[in-house]
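Visitor: Hi! I'm new to this one, could you walk me through it?
Guide: Happy to, let's have a look together.

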Amino acid sequence: MVNINDFNFAGKKAIVRVDFNVPLDEKGNITDDTRIRGAVPTMKKVLADGGALILMSHMGKPKGKVNPKLSLGQIANAVAAALDRPVKFAPDCAKAGDAASKLQMGEVLLLENLRFYPEEEGKPVGIDKTDPGYDVAKKRMKESQAEFAKTLASYADVYVNDAFGTAHRRHASTAVIADYFDENCKMLGYLMEKEVVAIDNVLKNAQHPFTAIIGGSKVSTKLGVIKNLLDKVDNLIIGGGMGFTFIKAQGGSIGESLHEDELMPEALNILQAAKDKGVNLSLSVATVAGKEFSNDTERQVVDIFHIPDGWEGMDAAPASLENWKKIILDSKTILWNGPVGVFEFDNFAHGTGEIAKYVAEATKKGAYSLVGGGDSVAAVNKFGLADQVSYVSTGGGAMLEAIEGKVLPGVAAIKGE
Ligand code: AMP
């Protein structure tokens, strides 16, 4: 596989899949430009080498239809500012052949939202999965998706994928397009490369003891993650709302705490599997319970197996944190996904803040720590510790699928795995 660092883009047109799905306010102003900044190293590498840059991305969910509110034209100026040079805009991503062929080295062309075409996602439109004609429609859509990808590929000499956030999707621009480039003309961008290395550091090359901290609201959304990790970790800390399903399954009284009854058998299976595999699965032993789901509600610390009726567990209590602190500080590799309490409420954020501190402390002692997937990223940011962990992943869904052990089509299309 080609490494972007070793590639010379001089005299080449590079089509780069970026993730410019930035949040906009009602007036179309960007409210958080993290994703544009994230793509700068890759974009600058192409230009600094003396290449031409064609940028493609999706924005929002236009569902295969043109929607001016989701036009990437709105962010062209911000991209120009990030690159300190003008950015041309192609208002139809599938009809940009002329603009691409006229593009000079050193110039930048931004294509309109890829998802204005249903071919980008490749799902048949206007037909239900249960419809008898669905399979035919799906096959046709796959063919037109390949045509769409081929058109995009025709604009450039080289393909770079730097959009980790969509790496778990087999879309035209994230995976199918790679079929139209030779082995030595497709590569991961810097951002993607960092994400892939971070995942490998925990899933393939972990130093032991390896501890995973899995929190958040529901067991159902993280079953695959937990199962895959059971084969890799030494310690599995399960906290947050999802922990109560494990407590109830073992006969505990959990009051009004969040839980999923239908997952109780699965929770018992996980406890047994952890025992069989010699994994130290650590659940909460006590919780800070609230009377209502609000920040200012009455609070009390209670034993996790005896939460009174009318109360719900909303944060990790000191006794649980003490156990987890020891485990985390002794670890050499740490993966953290999901808060251990309702951290959005300041009065129930203490436990999650403590976990962030322990992970930062362990990192300082030499552990490798990866924080990824949705709310745990917001949590390390909230506690100002993002720069004290080894890596904070930007791709929520893609990171979770990678931790589940699934192959990411966007990565496989380039690495050929
Ligand atoms: P997830 O998206 O599954 O990672 O879940 C994150 C959400 O879980 C956050 O919004 C937290 O507020 C929520 N959460 C964590 N612990 C609890 C809890 N004990 N009760 C209710 N919600 C929780």
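Visitor: Which residues of H7 are buried?
Guide: In helix H7 they are Leu223, Val225, Ile226, Asn228, Leu229 and Leu230. Buried means under 20% relative accessible area, exposed over 50%, partly exposed in between (1.4 Å probe, protein chains only). Helices (H or I, at least four residues) and strands (E, at least two) are DSSP runs, numbered from the N terminus.

Visitor: And where do these numbers come from?
Guide: This is a predicted model, where local features need pLDDT of at least 70, side-chain atom pairs count only at pLDDT 80 or more, and totals for chains, interfaces and linings use all residues. Residues are numbered from 1 along each chain as its sequence is written, and side-chain values use heavy atoms, with hydrogens and water left out.

Visitor: Back to H7, what covers its buried residues?
Guide: The cover includes helices H6 (190-203), H9 (264-277) and H13 (396-403), along with strands E7 (210-214), E8 (235-238) and E15 (333-337).

Visitor: New topic: is isoleucine 307 buried or exposed?
Guide: Isoleucine 307 counts as buried because its relative accessibility is 2%. It sits in strand E13, residues 306-307.

Visitor: What is isoleucine 307 in contact with, leaving aside neighbours within four places in sequence?
Guide: Its partners are Phe244, Ser253, Ile254, Gly255, Ser257, Thr287, Ala289 and Val302. Contact means heavy atoms within 4.5 Å.

Visitor: How far is isoleucine 307 from valine 392?
Guide: Their C-alpha atoms are separated by 34 Å, and the two residues are 85 apart along the chain.
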